[in-house]
Amino acid sequence: MPRTRERLDQIMSKIRIICLALFAVFAFGAFAATAAFAEEHEWLLNGNPLPTGTRDLVEAEAPSIEVEDKKGGLFGEAVKVLCSGRYEGLVGPGKEDEITEITNLAGTARDITDCVNDGNCPSPILDEPLNLPWLTELTLNGSALRDLILEHENRGAPGWMATCFGFSDTCTEKEISMLVENNAAEKDVVATFDLTSEEEPANCTRGGTGSFFVRGTVLILAPEGTLEVN
């Protein structure tokens, strides 16, 4: 009988160890799932996530965006234009958003921005976005929250076509990244094209591989209230 009791105690001890190990595995899995969920970023309207199946109309203003082809000139020189425009689009639910239309600041010319020469681009100047609407998605890159303008399988890659003094240059990129930050004072979101062509290479018909990049800031707001990213 003592041996039987000793054997039973050994079995029960092993069962307790296995149960503790399983509990630890399940607890770690639950923590990992919670952490993964916490890393999902989303658009907020008036402090709340947009309900599933709901998208909110947004407007944006780009007072000065610089578009450059480092080798796009007639003799291979850098070509730069400064453009301003208005963006319209949709945000949510969750991390998704979309740029549906770009006009001049006055809103009178659709899909055409106001541009001036910033380097080797004599007038007349025209800068048009390509392959709208642009699908975009919030994502965390290191400690920075970014909004990625993504290539669409049917429409193609996002980009611009600039025309300087009669010659055109088309520049596209599979993924264009913007840094996004909340601006509580103005109740909007600030999106900044801040990467260099070395960090985010794109291609142009004149300048070739890795010659194109864009810099500047877009202010995104929701007419219905406070817009935020989380």
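**Disulfide bonds in the predicted model**

The disulfide of cysteine 171 and cysteine 204 is right-handed, because the torsion about its S-S bond is about 110°. The sulfur atoms of this pair are 2.0 Å apart. Cysteine 171 lies in strand β11 (residues 167-172) and cysteine 204 in strand β14 (residues 202-204), so the link ties together parts that are 33 residues apart in sequence. Cysteine 171 is buried, at 4% relative accessibility. Cysteine 204 is buried as well, with a relative accessible area of 8%.

The model is predicted. It holds three disulfides. Cysteine 83 and cysteine 115 form one of them, with sulfur atoms 2.1 Å apart. This link is right-handed, with 105° about the S-S bond. Distant parts of the chain are linked here: cysteine 83 belongs to strand β4 (residues 79-91) and cysteine 115 to strand β6 (residues 114-119), 32 residues apart. The relative accessible area of cysteine 83 is 5%, so this residue counts as buried. Cysteine 115 has a value of 14% and is therefore also buried, the cut-off being under 20%.

Cysteine 121 is joined to cysteine 164 by a disulfide, S to S 1.8 Å. The torsion about the S-S bond is -95°, and the link is left-handed. Again the pair links distant parts of the chain, 43 residues apart. Cysteine 121 sits in the loop between β6 and β7 (125-130), whereas cysteine 164 is in strand β10 (residues 159-164). Both cysteine 121 and cysteine 164 are buried.

With the bonded cysteines numbered in sequence order, the pairing reads 1-2, 3-4, 5-6.

Methods. Residues numbered from 1 in each chain as written. Predicted model: local features only at pLDDT ≥ 70, side-chain atom pairs only at ≥ 80, totals over all residues. Heavy atoms only, no water. Disulfide = S-S within 2.5 Å. Helix = DSSP H or I, 4+ residues; strand = E, 2+ residues; numbered from the N terminus. Buried < 20%, exposed > 50% of the residue type's maximum accessible area, 1.4 Å probe, protein only.
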